[in-house]
Amino acid sequence: MAIEDRDDFVDVVAQAVIDRIEEHHRTNSLVEQVVARVIEIQKKESALKAKEAGAQSTKTIEE
């Protein structure tokens with residue numbers, strides 16, 4: 001293998017590694033966004049359920 005071929009090969013491999021690292025970072029970023037959104041939705045649902053439970057208990061007390 002000629003030196004130029006080796007350099008080209010190293011460049012291709014290096015670019016492939018860089019691409020994989022960038023893909024990994026993008027995937028992690030998307031996962032973090034999804035997890036953050038799910039947690040946000042769960043908190044809102046929990047607050048809504050607590051509010052509904054509070055309203056039900058207030059209604060029961062009034063009766």
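**Exercise 1. Determine how many salt bridges the structure holds, and state how they are connected.**

*Solution.* 
Step 1. Two salt bridges are present in the structure, which is a predicted model.
Step 2. One pairs E40 with R37, with 3.1 Å between the closest N and O atoms.
Step 3. The other joins the side chains of K44 and E40, at 3.4 Å from N to O.
Step 4. Each distance is judged against the cut-off, which places a side-chain nitrogen of Lys or Arg within 4 Å of a carboxyl oxygen of Asp or Glu.
Step 5. R37, E40 and K44 are therefore linked in a network of salt bridges.

**Exercise 2. Explain how the positions of R37, E40 and K44 in helix α1 relate to their pairing.**

*Solution.* 
Step 1. Helix α1 spans residues 3–62.
Step 2. E40 and R37 are three residues apart in this helix, so about one helical turn separates them.
Step 3. K44 and E40 are four residues apart in helix α1, so their separation is likewise about one helical turn.

**Exercise 3. Classify E40, R37 and K44 as buried, partly exposed or exposed.**

*Solution.* 
Step 1. The classes are set by relative accessible area: buried is under 20%, exposed is over 50%, and partly exposed lies in between.
Step 2. E40 has a value of 35% and is therefore partly exposed.
Step 3. R37, at 42%, is also partly exposed.
Step 4. K44 reaches 54%, so K44 is exposed.

**Exercise 4. Identify the residues that make the nonpolar surface patch and those that make the patch of negative charge.**

*Solution.* 
Step 1. The nonpolar patch is made by F9, V10, V13, V17 and I21, and covers about 440 Å².
Step 2. V17, one of its members, is found in helix α1.
Step 3. Patch residues need over 30% relative accessible area; V17 has 44% and counts as partly exposed.
Step 4. The negative patch on the surface gathers E4, D5, D7, D8 and D11.
Step 5. D11, which belongs to this negative patch, lies in helix α1.

**Exercise 5. Describe the secondary structure, the share of buried residues and the accessible surface of the protein.**

*Solution.* 
Step 1. Of the 63 residues in the protein, 0% are buried.
Step 2. The accessible surface amounts to about 5,900 Å².
Step 3. Carbon and sulfur atoms account for 59% of that surface.

Conventions. Residues numbered from 1 in each chain as written. Predicted model: local features only at pLDDT ≥ 70, side-chain atom pairs only at ≥ 80, totals over all residues. Heavy atoms only, no water. Helix = DSSP H or I, 4+ residues; strand = E, 2+ residues; numbered from the N terminus. Buried < 20%, exposed > 50% of the residue type's maximum accessible area, 1.4 Å probe, protein only. Patch = residues over 30% accessible without salt bridge, like charges linked within 9 Å, V, L, I, M, F, W, Y side chains within 5 Å. Areas by Shrake-Rupley, 256 points an atom, 1.4 Å probe, with all protein chains shown as cover. Lys, Arg positive; Asp, Glu negative; His and termini not counted. Charge placed at Lys NZ, Arg CZ, Asp CG, Glu CD.
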